[in-house]
Amino acid sequence: MRKRPMWMAIGVALAALALLAALNANLRGGDKSPAVGAPGPDFTLNSQDGKAVSLHDFKGKWVVLYFYPKDMTTGCTIEAHNFQRDLAKYDAKNAVILGVSMQDEKSHQEFCAKESLTFKLLADTNKEVSEKYDSVMNLGVAKLSARHTYLIGPNGVVRKVWTSVDVKTHSEDVLASISELQKPAS
């Protein structure tokens, strides 16, 4: 068997790394998220109960706007269960949870019923809100909401952004951030 020149092996390795980097960029969503300190882009979407929900409806409250890929999947279920488990803590902090994915109202309704979720899941079937928040994963044949979270303050301004989420600890991370942001300035 003939040996390939070293430069050829290096070229193949670099091409593979470039391909992986490009795929990762497509999967995780973009880098044009609404910035901390900017107003959260307003929207209106239907929830699992078929009622329109708008960001401006929650003026005066903290809003945990979390995007997730798909109902009934393992990671999304763990994340939703943890938000549900901590719902009383969010209520005590004057915060609401709004989940957004590209599935329709019926899918969200089934997910809520199966997993006993009582907070709002919003149907972004036209991908408009996920795009506004730069939270779209392009899988080639399908697009899904990327797992991103935006903490929006009572005045409608983005206070914190998570573009890398550990579903097991995310609810605690968000609660800790709200607590830190609610501390009086010293």
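Reply: Let's start with helix 2, residues 74–85: twelve residues, reaching 16 Å from the first C-alpha to the last, close to the 16 Å expected at 1.5 Å a residue. That expected span is 1.5 Å times one less than the number of residues. Helices here are DSSP runs of H or I with at least four residues, strands are runs of E with at least two, and both are numbered from the N terminus.

Before going on, a word on the source: this is a predicted model, so local features need pLDDT of at least 70 and side-chain atom pairs count only at pLDDT 80 or more, while totals for chains, interfaces and linings use all residues. Residues are numbered from 1 along each chain as its sequence is written, and side-chain values use heavy atoms, with hydrogens and water left out.

Back to helix 2: Cys 76, Thr 77, Glu 79, Ala 80, Asn 82, Phe 83 and Gln 84 are buried (under 20% relative accessible area; exposed is over 50%, partly exposed in between, with a 1.4 Å probe and protein chains only). The cover over those residues includes strand 3 (62–67), strand 4 (95–101) and strand 8 (149–152), along with helix 3 (87–92), helix 4 (105–115) and helix 6 (170–182).

Now the rings. Phe, Tyr and Trp rings (the six-membered one for Trp) pair if their centres lie within 6.5 Å; planes under 30 degrees apart are stacked, over 60 edge-to-face, and the rest tilted. That rule gives nine aromatic pairs. Take Phe 67 and Tyr 133: the centres sit 5.6 Å apart with the planes at 40°, so this pair is tilted. Phe 67 belongs to strand 3 and Tyr 133 to the loop between helix 5 (128–132) and strand 6 (136–138), so the pair ties together parts 66 residues apart in sequence. Phe 67 is buried at 0% relative accessible area, and Tyr 133 is buried at 0% too.

Phe 67 also forms an edge-to-face pair with Tyr 150, at 5.9 Å centre to centre and 90° between the planes. With Phe 67 in strand 3 and Tyr 150 in strand 8, this pair ties together parts that are 83 residues apart in sequence. Tyr 150 counts as buried, at 0% relative accessibility.

Phe 83 brings us back to helix 2: ring pairs link Phe 83 with Tyr 66, Tyr 68, Tyr 90, Phe 111 and Phe 119 in a cluster.

As for the whole chain, there are six helices and nine strands, and buried residues make up 42% of the 186 residues.

How values were computed:
Contact = heavy atoms within 4.5 Å.
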